[in-house]
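My entries follow in the order I looked things up.

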Amino acid sequence: MAPAGLRAGQGGVDVARDRRDYENAEVLNSSGFPDFFIFVSIPGSWVLWEKEPGGGGGARETSGPPRGALRSRGPRRRACALARARAMAETPQLKRKRAEEEGENENGGAAAAFSLSDLRVRRVLRESARDKAMFLHAERIGLSGEGTDAVVILEKTPFQEEKVPDLLKKAMKAELQMQNDIYCTFYLSPPPELSEIKATVVYPATEKHIQKYLRHEVHLIRESWEDYQNITLPFIQSQSFSIQWVYNILEKKAEADRIVHENPDPSNGFVLVPDLKWNQNQLDDLYLVAVVHRREIKSLRDLTAEHLPLLRNVLQEGKEAIAKRFGVPGSQLRIYLHYQPSYYHLHVHFTAVGHDAPGSSVERAHLLADVIDNLAMDSTFYQKRALTFPLRADEPLFKKFQEAGKV
Ligand code: M7G
């Protein structure tokens with residue numbers, strides 16, 4: 001039987017055809033170690049996948065014209081053919097592409113895990129020597145050679161107290177940089193387990209994600225209630241910034257194992273999870289976020305006295321849960337809302353009071369306890385007063401305020 005249409009396995013398998021045809025594949029013959037081959041019939045053709053010679057880990061595909069005498073062997077055998085043919089024929093690249101496609105459905109839009117080495121750096125969006133962080137615009141190159149944008153945030157993680165003695169002992173290299181009287185400076189090259197870097201990846205990233213991390217000049221906007229109604233609200237309504245990650249948390253499709261506390265009441269309940277920014281290795285930068293179950297509250301501007309029971313639950317139960325789980329008392333927590341938030345689904349930030357968390361400054365953070373008091377005094381407090389917030393000069397909302405002659 002002369003193989004027809006021999007193609008190299010590595011990157012040479014036609015994914016579109018494989019995915020469709022595998023559904024009807026039937027195993028004709030197969031072998032495991034040491035030959036590793038699988039011979040299947042697919043509609044209108046036969047295909048042989050075999051291990052590429054040379055131990056490179058690739059698969060070689062050979063296909064040919066229809067054969068008359070092929071019999072169906074039932075659904076189980078077909079499923080087996082599907083899985084085994086995939087396992088043999090897929091290169092790591094193809095595997096990732098399939099995982100990505102299938103992951104989309106399971107996670108409501110979230111891409112499946114992938115390796116950082118798939119990403120290529122395009123440019124530095126911003127860096128902060130103080131925060132020991134760098135924000136990168138990266139891209140992931142697809143099989144057809146086209147790039148998909150990603151944002152990567154690299155941050156040196158805070159020291160962990162229990163690992164510090166090891167750091168001094170195990171530092172591979174300690175280079176003395178200068179010495180003067182009682183002062184000296186060393187540069188250490190610690191082993192990998194003591195020199196962690198946290199990498200947060202947004203993939204695929206939209207232009208809005210990229211702009212969010214690009215350095216721009218910042219302006220303070222003073223928004224009256226009328227400005228909110230005429231400029232901000234129509235703008236928010238015209239935007240489609242996805243809050244799928246919030247729904248994934250509420251529906252336990254993501255981060256379910258990270259939930260610290262939940263009050264399941266649909267009106268007055270919420271879910272408390274560690275924030276994306278916190279790696280939970282140390283309490284100094286403790287950061288959790290409470291996401292409310294109600295979906296129609298966009299921001300501080302929508303709050304009235306009707307929401308007091310919900311806000312009181314978040315404050316009280318959030319504090320109790322953090323004290324119980326992490327041993328940090330309520331008096332050492334900064335509990336606040338952002339205005340403007342990045343995501344228009346009500347959520348509350350819980351950060352360690354000693355942690356200078358991004359967005360915890362006066363122009364953006366509103367303490368939850370103050371919000372509660374304000375609403376208790378006046379139900380329409382946030383539909384009356386002007387609110388100040390920072391906007392970067394490149395943000396579309398800033399442009400709207402500019403067009404309206406407000407900046
Ligand atoms: P925000 O005030 O809307 O915007 O807060 P900000 O990001 O400009 O502060 C949203 C909060 O949710 C931030 O503290 C984010 O770090 C956090 N966050 C964002 N995402 C996409 C996730 C996520 O997927 N999981 C968790 N746990 N937190 C997230």
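Before placing residues in elements, I noted that helices are DSSP runs of H or I of at least four residues, and that they are numbered from the N terminus. I also noted that this is a predicted model.

**Surface**

I looked up L168 and found it in helix 4, residues 164-170. L168 has a relative accessible area of 65%, so it is exposed, the cut-off being over 50%. I then found that L168, L176, F186 and L188 make a nonpolar surface patch of about 390 Å².

I next checked M377, which is in helix 9, residues 368-377. M377 is exposed, with a relative accessible area of 67%.

**Ligand**

Which residues come nearest to the ligand? I listed 17 residues around the ligand, and E255, D275, K277, H338 and S342 come nearest. By class, I have 7 nonpolar, 4 polar and 6 charged residues in this shell. Strand 14 (270-274) and strand 17 (347-352) each supply at least two of the shell residues.

I then looked at side-chain N or O atoms facing ligand oxygen atoms. For H338 I read a distance of 2.5 Å, for H349 3.2 Å, and for Y287 3.3 Å. The ligand taken alone exposes 590 Å², and the protein buries 90% of that.

**Salt bridges**

My search of the whole structure gave 19 salt bridges. I looked at several of them.

R122 and D149 meet through their side chains at 3.3 Å, N to O. R122 lies in strand 6 (residues 119-128) and D149 in strand 8 (residues 147-156), so this pair ties together parts 27 residues apart in sequence. I have R122 as partly exposed at 48% relative accessible area, and D149 as partly exposed at 22%.

K252 and E262 form a salt bridge with their closest N and O atoms 2.9 Å apart. K252 is in the loop between helix 7 (244-250) and strand 13 (261-263), while E262 is in strand 13, so the pair ties together parts 10 residues apart in sequence. K252 is partly exposed at 38%, and E262 is partly exposed at 26%.

Are R392 and D394 buried or exposed? I found R392 buried, with a relative accessible area of 16%, and D394 buried, also with 16%. Their side chains meet in a salt bridge at 3.2 Å, N to O.

Last, I noted that R130, D131 and D356 are linked in a network of salt bridges.

Note on methods:
Residues numbered from 1 in each chain as written. Predicted model: local features only at pLDDT ≥ 70, side-chain atom pairs only at ≥ 80, totals over all residues. Heavy atoms only, no water. Near = heavy atom within 4 Å. Polar contact = N/O pair within 3.5 Å; in protein donor to acceptor, adjacent residues only side chain to side chain. Areas by Shrake-Rupley, 256 points an atom, 1.4 Å probe, with all protein chains shown as cover. Nonpolar A, V, L, I, M, F, W, Y, C, P; charged D, E, K, R; others polar. Patch = residues over 30% accessible without salt bridge, like charges linked within 9 Å, V, L, I, M, F, W, Y side chains within 5 Å. Salt bridge = Lys/Arg side-chain N within 4 Å of Asp/Glu carboxyl O. Buried < 20%, exposed > 50% of the residue type's maximum accessible area, 1.4 Å probe, protein only.
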